Amino acid sequence: MAERIDGKQVAADVRAKVGEAVKTLPGQPTLAVVLVGEDPASQVYVRNKVRQTEEAGMRSLHHHLPVDASQDEVEALISRLNGDDEVDGILLQLPLPKGLDEQRAIECIAPAKDVDGLTEASAGRLVLGKDGLRPCTPTGCVILAKSVLGDDLSGKNVVVIGRSILVGKPAALLFLAENCTVTIAHSRTKDLAALCRTADILVPAVGRPEMVKGDWVKPGAVLIDVGINRIDAPEKGEGKTRLVGDADFGDCEKVAGHITPVPGGVGPMTIACLLRNTVIAACYRRGWALPS
Ligand code: NDP
């Protein structure tokens with residue numbers, strides 16, 4: 001049976017390390033969070049981000065625009081935060097309300113303050129292998145893999161299923177930067193199961209509940225499940241639902257060496273990596289030495 005990778009614990013360790021690092025800095029990093037509209041899930045995420053930022057000893061500024069805010073208003077706020085010397089990181093909570101152009105708004109964020117790592121400049125720096133701010137969820141996947149395999153991932157065969165800008169592509173590039181041999185699979189990939197069986201580290205990031213079965217997994221492999229899918233759970237009562245990953249956990253845990261649960265695997269890593277990026281952004285921008 002696979003050992004579970006406790007994402008909550010690994011994320012808590014990352015946050016504790018960030019908190020220790022913050023204490024050694026000559027000033028206090030500041031994260032500005034921008035929420036547009038009243039989406040309840042986004043409000044919960046923002047509250048968690050603000051709370052965890054402050055728990056790590058950093059300052060957070062919360063900016064809330066109404067649901068009918070215009071593109072110009074959103075971009076004007078981001079421009080103001082770009083020019084505010086106190087602000088080290090800007091997080092634009094997604095999704096934006098319908099009618100707003102997310103990519104255009106993201107591109108307004110100054111690359112030096114792009115703690116989500118989603119601007120074209122950040123993506124370009126990742127491709128070029130230059131220092132920069134990396135997307136949070138993919139960074140979390142690499143940290144989780146290292147938590148069980150150690151820091152040296154070189155030579156590992158990695159299969160990432162999914163090629164989205166947000167997860168699949170950056171995850172593949174981050175594992176490549178760790179000297180892994182990386183294959184990116186997607187909806188047109190032929191014989192996906194056989195390809196997955198070549199992976200020492202398998203990273204499904206698809207959005208299809210329980211797609212990856214036990215016989216897709218190489219015995220002893222590390223399975224980092226990015227997918228978060230809500231499915232009906234009649235066993236819990238009428239109308240009830242539950243969260244599952246892209247891997248069939250019960251089936252895959254019989255074969256894998258290590259596996260992340262959903263929830264409690266990759267999910268908690270995203271905010272932890274955001275806090276880590278805020279420290280990195282502050283150090284780059286203010287010329288402070290990066291804490292080890
Ligand atoms: P997207 O829908 O943007 O991308 C899905 C990818 O999966 C696409 O590249 C698509 O291929 C590929 N795909 C779809 N169907 C198949 C298939 N049958 N076989 C192989 N590949 C397939 O999703 P995201 O990348 O944004 O998110 C992926 C999952 O990760 C979702 O469940 C999401 O909720 C979760 N997520 C979790 C986060 C966390 O914090 N844990 C953060 C962000 C996302 P193609 O390009 O060919 O269409």
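1. Strand E5 (residues 157-161) and E7 run parallel and are joined by four bridges. Strands pair here if DSSP finds at least two bridges between them, and strands (E, at least two residues) and helices (H or I, at least four) are DSSP runs numbered from the N terminus. Val 159 stands opposite Leu 202 in E7.

2. The model is a predicted one, in which local features need pLDDT of at least 70, side-chain atom pairs count only at pLDDT 80 or more, and totals for chains, interfaces and linings use all residues. Numbering starts from 1 along each chain as its sequence is written.

3. E7 also pairs with strand E8 (residues 222-223), again in the parallel sense, over two bridges. Val 222 in E8 is the bridge partner of Ile 201.

4. Within E7 (residues 201-204), Ile 201 and Val 203 point one way and Leu 202 and Pro 204 the other, and all are buried (20 or more other C-beta atoms within 10 Å of a residue's own, with C-beta atoms placed from the backbone).

5. The domain assignment, automatic or from a database, gives domain 1 (26-110) and domain 2 (136-269). Their C-alpha centres lie 29 Å apart.

6. An unreviewed UniProt entry lists residues 135-283 as "domain: Tetrahydrofolate dehydrogenase/cyclohydrolase NAD(P)-binding"; such annotations may be inferred rather than shown by experiment. Over residues 135-283 the chain is 34% helix and 17% strand, with the end C-alpha atoms 17 Å apart.

7. The ligand has 25 residues around it, of which Gly 162, Ser 164, His 186, Ser 187 and Gly 207 come nearest (near: C-beta atom, placed from the backbone, within 6 Å). The shell holds ten nonpolar, twelve polar and three charged residues, with Gly counted as polar.

Key:
Buried ≥ 20, exposed ≤ 12 C-beta atoms within 10 Å, placed from the backbone.
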